[in-house]
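Please view the sequence and the structure before reading on.

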Amino acid sequence: MTEHENTTSNPGEAPPGAEAPEAAVPQVGDTRPAAPKIGDTRPGAPGTEIHTPAAPSEREQGRTPTPVVANPQSADSGEPGGSPRRKRRRGGRERSKTRNVGRYLMCVHVEGPTTHIAMLEGRSLVEHYVVKETDETIQIDGNLYLGRVQNVLPGMEAAFVDIGIPKNAVLYRGDVRYDLDDVEAGRGQGARIEDVLKPGQLMVCQVTKNPIGAKGARLTQEVSLPGRFAVLVPNSATIGISKRLGDNERRRLRKILDEIRPEGHGLIVRTAAEGASAEELSRDVADLSQRWEAISAEARKSSKPGLLYRELDLAVRMLREELNGDYRGVLIDDAGLYEQVRSYVSGVSPEMADRVELYDQTTESLPLFERYFVHEQLHKALDRKVWLPSGGSLIIERTEALTVIDVNTGKNVGKTNLEETVFKNNLEAAEEVAHQLRLRDIGGIIVIDFIDMESKEHRESVAAQLRNALGRDKTRTQVFDISELGLVEMTRKRISEGLIESVSTDCPHCEGRGIIFDLDLP
């Protein structure tokens, strides 16, 4: 199910009346971008020639976790200092001196069977994904399968389902859909999983989480098909409109939604539908309905587990989810993938098609990742130690159960007193922790060991800084307050294996433990 994020203000936008800095935004094809500083998480400043500030990006808009919201207040929330929300322009190409305006740049590098997708915010690498041809059984989130129940475990309230890949997937009780008429009398909504699922039963299901390590993929029977402007929820009464949209826009879309909703299916309108016409929404919904009919027909005629529908390639999927005026360009160094992406963007957002460009390695003096310093930043993202601007550092240790991040002052000796030095170091660390979690795609339980602060006000400020920084992460997070021991417990939804795992293999000698036992051990 596609999740929705809340609107946040643009952290890189200068206050009204402020003088624009001199540094210009790195542009597509710029051969002289400045190298990013170690630990720098802020994007490059906008150039003085830009007259129309870009609208807040979807990638900067956080989610609303429970119990603590890890998102900053919306710019249109009425909070002091907030500015009225500008309506995002979907169409048209903003130009200033023939240069694209936007804070994000996507660089796609294809090397043999592996595709690297780098997302740059200004000059800083904020996300990096690796897709391999062998990922037919690993990178499968969003795919639809015809599954066969292998066995049901009442004690685990789960079932193992064969979906046609080597490792069985898991379907939990909360993700099971069933008709009350098919359940024994008296069970109703409290039906147990063994009452609604039987071994050998066939079902249409969707992968919500990739298999990670020894764990199989996670499934749901609540299927959803995302489009450009809407998400179709087959055989459901679900109706929804993105919470990030304003009240007037929500009322307009509600009227359109009542007219275009397919009979018997649910529909969720996405943030990208802001400003979209009724005709555009209708075409999108019609395409999704036809896609579901084809999937249903394939499922009815099939009698064995297997793939029914494959999600788009990751590069295309990311553009479907997020491509807007905040992207100044998409550079691809593979002609085949370029044609695929350009064709897709031309179909769904023709006004953005000219921002997709082929990076011709035969005519360029530097490889794509070297030109935009992705190579350098990627290698730093694989280190366990991360330096902070003032001289402090983070130590990131990943284990099977959780990830631990230790904050140190390192070379930061401060200028006034210990409390102030520690406070400023922790503020820098909070910003960098959010950046590293997003860049390294770290999920699961995370414990951050900030340096002890005596002042309660300082502890609250550091916690607020962490939440605000996490607000730019599109992945759902949960953050708790700093404990008396100076620890922050948080979770980040885990969807894939993570950056380090995607570019490495365990050592065959120590099996990933990092140690080698003495051969003469008795």
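## Cavities and backbone angles

Six cavities of 30 Å³ or more turn up when the whole structure is searched. The model is a predicted one. Rolling a probe the size of a water molecule over the atoms shows where empty space is left.

The largest cavity has a volume of about 160 Å³. Its lining consists of 14 residues, and those nearest the centre are Val-130, Gln-139, Ser-496, Gly-498 and Ser-502. Which elements each supply at least two residues of this lining? They are strand E5 (124-132) and helix H10 (499-502). Strand E5 gives the largest share, four residues. By residue type, the lining of the largest cavity holds five nonpolar, five polar and four charged residues.

The second topic is the backbone. Most residues other than glycine have a negative phi, and most peptide bonds are trans. Glu-157 is not a glycine, yet its phi is positive. Asn-235, also a residue other than glycine, has a positive phi as well. The table lists the values.

| Residue | Phi | Loop between | Relative accessibility |
|---|---|---|---|
| Glu-157 | about 50 degrees | strand E6 (144-153) and strand E7 (158-162) | 44% |

Glu-157 counts as partly exposed because its relative accessibility is 44%.

Definitions and conventions: Residues are numbered from 1 along each chain as its sequence is written. This is a predicted model: local features need pLDDT of at least 70, side-chain atom pairs count only at pLDDT 80 or more; totals for chains, interfaces and linings use all residues. Side-chain values use heavy atoms; hydrogens and water are left out. On a 1 Å grid over the protein atoms alone, a cavity is a set of points where a 1.4 Å probe fits but cannot get out, and a pocket is an open set with protein on both sides within 12 Å along at least five of seven lines; lining residues have an atom within 4 Å of a point. Grid points are joined across faces, edges and corners, and a volume is the space filled by probe spheres set on the points. Ala, Val, Leu, Ile, Met, Phe, Trp, Tyr, Cys and Pro count as nonpolar, Asp, Glu, Lys and Arg as charged, and the others, Gly among them, as polar. Buried means under 20% relative accessible area, exposed over 50%, partly exposed in between (1.4 Å probe, protein chains only).
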